[in-house]
Each structure stands twice: as structure tokens, then as C-alpha cells.
Amino acid sequence: MNLFDVYPVNDITIARAEGEYVWDDMGNQYLDFYGGHAVISIGHSHPHWKQRIKDQLDRVAFYSNSVKIPLQSELAEKLGRLSDKEDYQLFLCNSGAEANENAMKVASFHTGRKKVISFSKAFHGRTSLAVAVTDNPSIQAPVNDVENVIRLPFNDEDALREEMSRRGNEVAAIIVEGIQGVGGIRIAGASFLKLIRELCDQYGTVFIADEVQCGYGRSGKFFFTDHAEVEADIYSMAKGMGNGFPVAGIAIHPKIHAKHFMLGTTFGGSHLACAAALGVLEVLEKEQLIDHAAQAGAYLTDRLKEIPDLNNVRGKGLMIGFEVPPELKMLRKNLLFKHHIFTGEAKPDIIRLLPPLSITTEQIDILIEAIIAEISFLKQNGVETLSISS
Ligand SMILES: Cc1ncc(COP(=O)(O)O)c(C=O)c1O
């Protein structure tokens, strides 16, 4: 059997990972400013996280949600405390798309309404409703074309106000990423988020903060919406939650009531997933990685802004993006294959930085020196890249 060929991959096989570094099968070391797509929060293969999973594996890895799983309550309690959402309720699932799918279902059950507002350049996942609210027709199959999605321009307060005044009473949910990731590190303004809160209160609509990428400490606060001092009704979480172990969830406001069988999943909230997620929270707390992400992110942003060839450096905490002019379009590939530094991208010309929250000042300096050296090389040699076989 062949693999279903849906991923354009780099010709690199990762054989080992530790902290902020990965190594390929030929022993080359790479600095990871991509975090496997914002997933690595506490650092690759963190010893405490590994031990938590190993210990749990020796006891019980999985039993279904038909029995009590005290680890789920332990996780909910710790997550509630660290995110300052102690009165919220946790539903556990397996991926970001699934988290958003469930968030929108809960909103629809709660309000009895059908419509969802999402925004231009949004990415919320690839399952049916999540992809329907995603602004990318190329990943929507014909069956995903539903009539209940209203797409408005991101950060456009007038458009949102107008739409809600017209049919706010039909809108079950407004779903928004605090920082759009796939959309190219575009930040929701504080007043935009405050307006969403206000309108949701006015019309009884559910405010869903998609914190799958920007949440879990990456922005320098637990949730990105905390920067705007705005509370959402549902927070969806995934990537950083398991540090690579597939675990996701939604935190749901106490005004929304659960009913048996309203949601469900076979694998979500397994013993092993909870142990991994608890391991992550314990390290986030002990190593104060959220404060560290704020400080390291500010340092990284300042250093990037010193480089005149990089345009529009923006972001919050360790979720940073900048535009690369056409003559430097090989920058990202060359950082990877010549300097052995992973970064992310957003089409068409944006480099995204999503390192582990444990990234150090010294490692940031390594990236900055590599960018400066590579820009100077590309300016002298045109858009040519070196052989990528090294
Ligand atoms: C903001 C956001 N929401 C949802 C998703 C979907 O997550 P998953 O790929 O785990 O389904 C992503 C993935 O990149 C994302 O960035």
C-alpha cells in the first residue's frame, strides 16, 4: 500500500528530538522554530512528559468514556486553574478540527440556531463544519458547501455590527482565531474581540475563541483573548495541549448545560492522553513557560524588527510572522537546508515562527544571525539556493 499523497514534504527524516532541537537520520541537528506546526509547547521529548506517559502506559492506556476516568477531572481542575477558567467545563477530544466541530455543535444545541459567523482568511480545521467556516475553497469538498456559514471581513467592526443587527437572532456562534495562523499571523484587535463579546451578549450568540494555535500559552498569556481582557463562551484547544500527543478539548462556560449523549468520542480523554496533557500543564507551570514565551517573544520580535529586509514583523509571544520580499523568496528553504533551522510559512510570502515555548535567547540569536547571513548571501547571489542534499 502507498501513502495517500496529500502532503508536500521536505526530504528530511527526523530520527530524534530533544528540547528545541531535532536530528535527522544522518545525525544532522536542526533548531526548531516551527514546533511541528505550533504543537511543541514544552520542548521535544521533555523528560517529565515522557515519564508521565510511560508511567501511565504501565498502568492503563485506554478505557472508553463508559467508566470514571479521574485523570480527566484532574486535567480539568489543573487546566481551569492555570487558564483562570475554574468554573468552565471541559470536553476532551483528539484534534483541533474536532474541538471546533464540537464547539459549534454545542453553540447550536445551546441556542437552537443554525448560522455561524466566521472571518476572512480563517482556518478552523478540515472536518465538515470546521472546514465550512474556514476561508479556503480549495480544501472544501462540494459536500462541505453549507448555507449556514456567514463570512465577514476580519477585524471589520462595522460589517460585524451590521450583520448582527440584521440577523443576530439567527446566529448560533461567532468563531474567531485571536491570531490567525494559517491566515498569516493576523491579529484580532482588542476592540474587535470586545465587540464580538458585546454582540454575543446582546443577541444570545455563543463566542467561540479558536485557541488551537494561538492558545495554551503561545501568545504569552494562557488564551490570546486574555490580552484583550475578553472572555469567550467556548475556547477550543489542541496543538500545544499534548506537546505532540494527540489531545484536544473545549472549555465551555457554565451557562451552557450538558446533556447526556449531546457530544461523544471513543478516544477523547483517554488515560494516556490525559497523562500527556497533565505532563504538559505541570511543566508549563513549573518552568513558567507562559511568562517565558512573553519575554522570549518580545526579544525575538525586537531582533527581527532590526532587520530592514523583513517586512511587517508582527505577532504576540512566540507566534510571529513577517513578509519576505520576492528577491529573498529562498530564505525559508535556505534556513532549513543550509542553516538547519525549521520555520513555518503562510502563503504567499510569510515566514511564521512557532518555536517551543522554551526557546532561549541564545537560540533566538542563532536564528537572527542565520537570517542576516542568508539575506546577505541571497542579495549577492540572486535567488539561487545551494544544493538541498546536505
Ligand atoms: C486555528 C486552528 N484551528 C484549527 C486547526 C485544526 O487543527 P487539527 O489539524 O488538529 O485538526 C488548526 C490547525 O492548524 C488551527 O491552526
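This is a predicted model: local features need pLDDT of at least 70, side-chain atom pairs count only at pLDDT 80 or more; totals for chains, interfaces and linings use all residues.
Residues are numbered from 1 along each chain as its sequence is written.

**View 1. Division of the protein into domain 1 and domain 2.** Domain 1 comprises 14-45 + 295-381, and domain 2 comprises 47-286; the bounds come from an automatic or database domain assignment. Between the C-alpha centres of the two domains the distance is 27 Å.

**View 2. The side of domain 1 that touches domain 2.** Here 20 residues of domain 1 are in contact with 25 residues of domain 2 (C-beta atoms, placed from the backbone, within 7 Å). At least two residues of this side come from each of α1 (35-38), β13 (311-316), β14 (319-323) and β17 (350-353). Helices (H or I, at least four residues) and strands (E, at least two) are DSSP runs, numbered from the N terminus. Ten residues of this side are nonpolar, seven polar and three charged (Ala, Val, Leu, Ile, Met, Phe, Trp, Tyr, Cys and Pro count as nonpolar, Asp, Glu, Lys and Arg as charged, and the others, Gly among them, as polar).

**View 3. The pairing of α10 with α12.** The axes of α10 (residues 289-305) and α12 (residues 361-381) come within 10 Å and cross at roughly 20°; axes are lines fitted to C-alpha atoms, for helices over the stretch in contact, and angles run from 0 to 180 degrees between N-to-C directions. A296, Y299, L300 and R303 of α10 meet T361, I364 and I368 of α12. This contact contains five nonpolar residues, one polar and one charged.

Key:
Two residues are in contact if their C-beta atoms, placed from the backbone, lie within 7 Å.
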